[in-house]
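Subject: Structure handover

Hello,

Here is the structure we talked about. Please open it and read the notes below alongside.

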Amino acid sequence: MFRPQHRLYIIGIGILVVIIVLVIISILHPKPPVYQIYLSRKALAKANRAEANYYASEAFQAAQKSWQRILMMWRRENQKAFYRRNYKPLEQLAKQTQLLAQQSERQALRARDSLKNVARIELALLLDRLAEFKEQFGQMPIEEALRRNAIKGELLVLEGKAALERGQIKQAIHNFQMAEKLIGQSGKTTKEMLDNYLSNIPLWRRWSQETIAESKTNQNVALIVDKFNRTLYVYNQGELIHKYPIELGKNWMGHKRQRGDNATPEGQYRIIKKVGKGGSKYYKALVLNYPNQRDLQEFLNAKKAGQLPKNAQIGGSIEIHGDGGKGINWTQGCIALTNEDIDELFDLVTLNTPVTIVGALNGTNNKSTSASRNDRK
């Protein structure tokens, strides 16, 4: 039999052995690769900040799938008894995930830089296209829906430019693509409308040549109004002696069809009345013989064909008058000059002076020849 002192000694030794064994086990048992998992998660976060899900989606998705496998494997190992756990595969998977995430980040940054250059080029092209659209069609009375689309397209371009400056390449590209559709469609439709309108140039040139020839033959003054170029030309004895800038009706493009359409008529007319200062609502006025016989026949044909309402009226009182110089097309179909210009013109013309109004004489290539107060002949 052990004496009490010996029994306590043996128990103490046993407890110490157990403690030592536990310590050894705790030191030697497998531990999860927490730091490596942290590194893979950090790499994924960096890839996400680089918008790899957009710019390198395939590589980023592979990294994300690998991360999900990490979580599953870790959970599975933790459910085992501690002495059966094996974290080696988990550590390898974490390293692989880190590499995949870093790879997707690099791809995203390269793609982003490349797209940034593309976006800059797209922006430059769209700005040029907008400027061209405004130059060609800015003064045209195009349909409201087309004008709204063009304005919306311009806003998208400006928003895209701001996004590009903030480094939001994805948003900028999206805006530019939307703007391209809107501006492109508006430009295409407007150009088709303009081309159709300008197809009448041969007829308008013939009218103009007839008017100049009459001026030469009769040794008198004749007027030609080019609506597209906003210019009134004055001929005397067949020679150009003056040209004045003009303003027209809001819907100047196209022939006047009925009262209230704010269109300026196209045709060969005569001055039938001169209204001096104080006798006109617009300073001075030269009244034209609109509607003439051709206008009246076209109006009746349009009504008969159902192209105009039954209660439509042809209208009248088309004048060349003063109070112009506003910089916009504002009349109800008349031709407006500044008071200074109408003073000069008023003295040049007489009753029965020919006035030929045409859509355009030279199409879209002679905008620079539009009259201004500084380039009169």
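Which residue just after helix 2 takes a positive phi? Glu51 does, at about 60 degrees. Helices (H or I, at least four residues) and strands (E, at least two) are DSSP runs, numbered from the N terminus.

Two notes on the basis. This is a predicted model, where local features need pLDDT of at least 70, side-chain atom pairs count only at pLDDT 80 or more, and totals for chains, interfaces and linings use all residues. Residues are numbered from 1 along each chain as its sequence is written, and side-chain values use heavy atoms, with hydrogens and water left out.

**Helix 2**

Helix 2 covers residues 34–49. Its buried residues are Gln36, Ile37, Ser40, Ala43, Leu44 and Ala47. Buried means under 20% relative accessible area, exposed over 50%, partly exposed in between (1.4 Å probe, protein chains only). Seen down the axis, these buried residues fall within an arc of 120 degrees, so they line one face of helix 2. The arc is that of the directions from the helix axis to the C-beta atoms. Tyr35, Arg41 and Arg49 are exposed on the other side of helix 2.

**Salt bridges**

There are 14 salt bridges in the structure. Each is a side-chain nitrogen of Lys or Arg within 4 Å of a carboxyl oxygen of Asp or Glu. Glu51 comes back here: salt bridges link Glu51, Arg112 and Lys170 in a network.

Arg129 pairs with Glu180, with the closest N and O atoms 2.5 Å apart. Arg129 is in helix 5 and Glu180 in helix 7 (residues 169–198), so the pair ties together parts 51 residues apart in sequence. Arg129 is partly exposed, at 35% relative accessibility. Glu180 is partly exposed too, at 31%.

Lys227 and Glu266 also form a salt bridge, at 2.9 Å, N to O. Lys227 is buried, at 0% relative accessible area. Glu266 is buried, at 6%.

**Aromatic rings**

The structure has seven aromatic pairs. Rings of Phe, Tyr and Trp (its six-membered ring) pair if their centres lie within 6.5 Å; planes under 30 degrees apart count as stacked, over 60 as edge-to-face and the rest as tilted. One of the pairs is Tyr269 with Tyr290, edge-to-face, at 6.2 Å centre to centre and 65 degrees between the planes. Both Tyr269 and Tyr290 are buried. Elsewhere, ring pairs join Tyr197, Trp204, Phe228 and Trp252 into a cluster.

Best wishes

How values were computed:
The expected span of a helix is 1.5 Å times one less than its number of residues.
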